[in-house]
Amino acid sequence: MRYVVSGAAGFIGSTLAGTLQAAGHEVVGVDCLTDFYDPAEKEENARGLDVRRLDLAEEALDLDGVDGVFHLAAQAGVRSFGDVFPLYVRRNLIATQRVFEAAAAAGLRVVFASSSSVYGEAEAYPTPEDTPPSPVSPYGITKLGCEHLAHAYSAAFGLDAVVLRYFTVYGPRQRPDMFFRRVCEALLTGETFEIYGSGEQSRSFTYVDDAVAATIAAMERAPAGAVYNVGGGEEATMLEAIALLEQVSGRALDVQHVGPAKGDVSRTKADVARIGAALDWEPRTPLAAGLAAMWSWASATVAAG
Ligand SMILES: NC(=O)c1ccc[n+]([C@@H]2O[C@H](COP(=O)([O-])OP(=O)(O)OC[C@H]3O[C@@H](n4cnc5c(N)ncnc54)[C@H](O)[C@@H]3O)[C@@H](O)[C@H]2O)c1
């Protein structure tokens, strides 16, 4: 198959593109290498892939001869209040509307990367997909807006869209603003690690290869219009996760508590029964094994400069 992967120079998109390519698919990557984090890191992620520099918020997406679109390009990160908000509107809502428009016109399936952030402080844990969404960050609001756009384009133009709500994805290439990446870097440099709030916040941490497997299964086998949680099997608090990384690395982290971050939720826990039943997917990577893989990547990356 020939697939477009948007956000193909990013953390999850590049891992997805590499996995698809290794499975024999042809991948056309699209990314404008925003400066949300160092574009040199994205160049490195994109090595060995065909990633075209294109800004989806304003340039046309050519879908000729394509069999499906994985739409992962976005402005990620829940710290989205204030002056950065227009970037979230542009890179999430505007870019996604244009991708849906093009995919609907071409009659192609889009697998859209949404987020557990749409739930906010969820009404139920584990959280099933029909829990009323109530995002508490502007980021989550733009992701929910994109989900509504998928629905509107399906109703009006027959768009074939599948929505995946990823829960905190981690592993090699994780974005530098994310928790595990920051912990690894602090362990490597010996710098003090600033943790937001008490550290008792917990997450359904999801290993990147598991997230990628769910994403490919969604393209290949999901019914049109499906919405699935993609979440790790083990919930852990930030402090528990730090303890695991300390064990894996054999180093101690110097932790300093700072105020809670606005837009962060206290807990996420995915209910993955729906995707399990429909796509026979389940998270396979135990947190300790995933963190060991992430640590070897992070230490090799730092050693390489
Ligand atoms: N990492 C997670 O834990 C997580 C959790 C939930 C949802 N998601 C979603 O998964 C997707 C991938 O996340 P990630 O962590 O790999 O982020 P990332 O920032 O590493 O990758 C996103 C990529 O999209 C590109 N991009 C942004 N705007 C673009 C535009 N207008 N045109 C072309 N390219 C553009 C960026 O340059 C970047 O390389 C995102 O949609 C994100 O919201 C991620």
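A quick word on the model. It is predicted, so local features need pLDDT of at least 70 and side-chain atom pairs count only at pLDDT 80 or more, while totals for chains, interfaces and linings use all residues. Residues are numbered from 1 along each chain as its sequence is written, and side-chain values use heavy atoms, with hydrogens and water left out.

Back to serine 80, which sits in the loop between β4 (68-71) and α3 (85-106). Helices (H or I, at least four residues) and strands (E, at least two) are DSSP runs, numbered from the N terminus. Serine 80 is buried, at a relative accessible area of 0%; buried means under 20%, exposed over 50%, and partly exposed in between, with a 1.4 Å probe and protein chains only. Beyond its neighbours within four places in sequence, serine 80 contacts Phe85, Tyr88, Ser137, Pro138 and Tyr139, where contact means heavy atoms within 4.5 Å.

My second residue is threonine 215, in helix α6 (residues 208-221). Threonine 215 is buried too, with 1% relative accessibility. Its side chain makes a polar contact of 2.8 Å with the side chain of tyrosine 166. Setting aside residues up to four places away in sequence, threonine 215 touches Leu16, Phe70, Val111, Leu164 and Tyr166.

Now, the pockets. A pocket here is an open set of points on a 1 Å grid over the protein atoms alone, where a 1.4 Å probe fits, with protein on both sides within 12 Å along at least five of seven lines; lining residues have an atom within 4 Å of a point. Grid points are joined across faces, edges and corners, and a volume is the space filled by probe spheres set on the points.

The largest pocket has a volume of about 280 Å³. Which helix gives the most to its lining? That is α2, with four residues, among a lining that includes Asp38, Arg173 and Trp297.

The second largest pocket holds about 220 Å³ of space. Of its 15 lining residues, Glu147, His148, His151, Val163 and Val227 are the closest to its centre. Here α4 gives the most, with six residues. Thanks, everyone!

Conventions: A polar contact is a pair of N or O atoms within 3.5 Å; within protein, one must be able to donate a hydrogen and the other to accept it, and residues adjacent in sequence count only if both atoms are side-chain atoms.
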